[in-house]
Amino acid sequence: MASDTMTHEHDTTHTTGQDQGSWKGGSEPFKASYGKLMMWYFLLSDAFTFSGFLIAYGALRFSMPSWPVPDFVFSTFPGGFHHKPLLFVTVMTFILLASSYTMVRAVQEGHRENKRGVVVWMIWTILGGAIFLGCQAWEWNTLIAGEHMTIKVNPFGTHTESGKYLEGDGREIKEGDVFTAGTSYLIHKNDGEWAPLKYNVTEGAAAGTVKEQAFGPKAFGALFFFITGFHGFHVFSGVAFLLIICVNAATGLYTRRRNGYEMVEKIGLYWHFVDLVWVFVFLLFYLL
Amino acid sequence: MSSLSFEESKSIANKTIIILGLITIFEVLFALLGKGYLIEGFHIAHVITGGVMIILSLVKAYLIVYEFMHMKYEVPGLVRTVLFPTALLIWAIIAFTYEGSYWGTSRVNVKNKIEVPIK
């Protein structure tokens with residue numbers, strides 16, 4: 001019934017030629033529909049939210065004498081691989097980029113009113129988003145369950161002086177191993193207890209003294225989990241909206257509305273924004 | 001909306017995604033090269049690698065916003081209402097990173113530091 005009325009209304013507006021849909025104030029501002037314009041301004045405000053987070057990250061990072069080195073922290077890969085710096089997160093970036101591309105294709109198919117094309121390309125986009133979420137879940141699981149990083153404790157530290165280990169951790173570090181300033185380390189847990197290793201300082205004013213591995217900057221865990229979590233939440237809600245709009249497109253709702261698959265365009269804007277934010281999360285957390 | 005034909009916009013999308021992919025690969029390789037993972041003992045100053053990657057990320061952002069989000073084909077007024085407020089962030093970034101390094105340099109002057117034990 002509702003769709004019938006809609007079609008009817010649309011037909012009358014076409015005959016009068018002046019009235020476009022519900023907009024009654026003359027020509028549309030910026031030649032964009034209300035929904036698209038509001039999506040742009042929502043994304044603008046969302047960009048400010050993300051910027052707030054990322055600027056907080058930058059300020060805290062600048063205030064610390066050392067910061068966990070990303071290619072040491074993010075160097076695991078599914079299947080038990082270690083020492084593969086940045087490989088996994090590059091794969092994640094490519095998945096998100098690819099899903100952005102399939103979204104562009106869905107919008108283009110919408111412009112030429114090709115229902116089948118819209119649905120197929122949107123399904124690819126949903127798949128990409130879901131795989132990205134899966135990858136993020138794996139990454140979080142590695143950090144939380146495997147490396148015991150929490151929002152309060154950051155076991156990724158960096159040496160600020162040269163030294164020689166007095167004990168080994170039974171994994172990578174052996175007794176007598178030497179290291180220089182700037183070397184990264186991960187403090188392990190033994191039987192649920194933190195086990196920072198002792199070492200002899202071999203350089204500088206404190207040479208000869210025995211020290212213990214210190215924990216890394218405390219804010220790192222909270223910043224990482226909150227920022228990537230907030231982004232992941234955007235991906236998750238994006239996937240949910242994509243699903244709804246994909247089903248709507250498949251049932252022919254947008255064909256009946258005759259507005260050129262505008263909903264697909266709007267969710268497309270949102271989805272590209274999620275990709276855009278990831279460009280900067282990728283830059284600040286993983287590349288720099 | 002753009003006046004491009006379906007074929008034209010398809011080829012633009014194809015080009016854009018290839019450029020985005022190449023930039024990403026280059027960024028990762030450059031980051032690893034700069035930190036000495038690819039060639040033993042070869043390093044590039046962090047200022048240079050960082051600067052290059054910030055510029056490349058901005059190029060990626062431009063491509064996503066202008067081509068994928070069709071900002072290039074919107075009227076100038078819409079572009080301005082979105083980009084001008086965003087430009088305010090440039091100052092926010094400068095101000096807060098400057099403030100952050102001030103926190104760092106003044107931390108040594110803090111008296112009666114509170115040590116929080118890690119449980």
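Author: Two strands pair if DSSP finds at least two bridges between them, and the strands (E, at least two residues) and helices (H or I, at least four) are DSSP runs numbered from the N terminus. The model is predicted, so that local features need pLDDT of at least 70 and side-chain atom pairs count only at pLDDT 80 or more, while totals for chains, interfaces and linings use all residues. Residues are numbered from 1 along each chain as its sequence is written, and chains are lettered from A and ligands numbered from 1 in the order in which they are written.

The part examined here is an open sheet of four strands in chain A, with the order 3-2-7-8 and antiparallel pairing. Its edges are strand 3 (178–179) and strand 8 (210–212) of chain A, each of which pairs on one side only. Strand 2 (residues 163–165) of chain A joins strand 7 of chain A through three antiparallel bridges. Within this pair, A:Lys164 has A:Asn200 of strand 7 as its bridge partner. Strand 7 (residues 198–201) of chain A is also paired with strand 8 of chain A, again antiparallel and over three bridges. There A:Asn200 stands opposite A:Val210 of strand 8, and A:Lys198 is bridged to A:Glu212.

The domain division gives the setting. Chain A is divided into domain 1 (32–150 + 219–287) and domain 2 (156–212), with bounds from an automatic or database domain assignment. The C-alpha centres of these two domains lie 38 Å apart. Their contact (C-beta atoms, placed from the backbone, within 7 Å) takes nine residues from domain 1 of chain A and six residues from domain 2 of chain A. On the side of domain 1 of chain A, the touching residues are six nonpolar, two polar and one charged.

Not counting residues up to four places away in sequence, A:Leu242 touches A:Met122, A:Thr125, A:Ile126, A:Gly129, A:Ile267 and A:Trp271.

Between the chains, 42 residues of chain B are in contact with 41 residues of chain A. Helix 1, helix 2 and helix 3 (76–106) of chain B each supply at least two residues of the side of chain B that touches chain A, and helix 3 of chain B provides the largest share, 15 residues.

As for confidence, the predictor gives the complex an ipTM of 0.88 and a pTM of 0.86.

Notes: Contact = placed C-beta atoms within 7 Å. Nonpolar A, V, L, I, M, F, W, Y, C, P; charged D, E, K, R; others polar.
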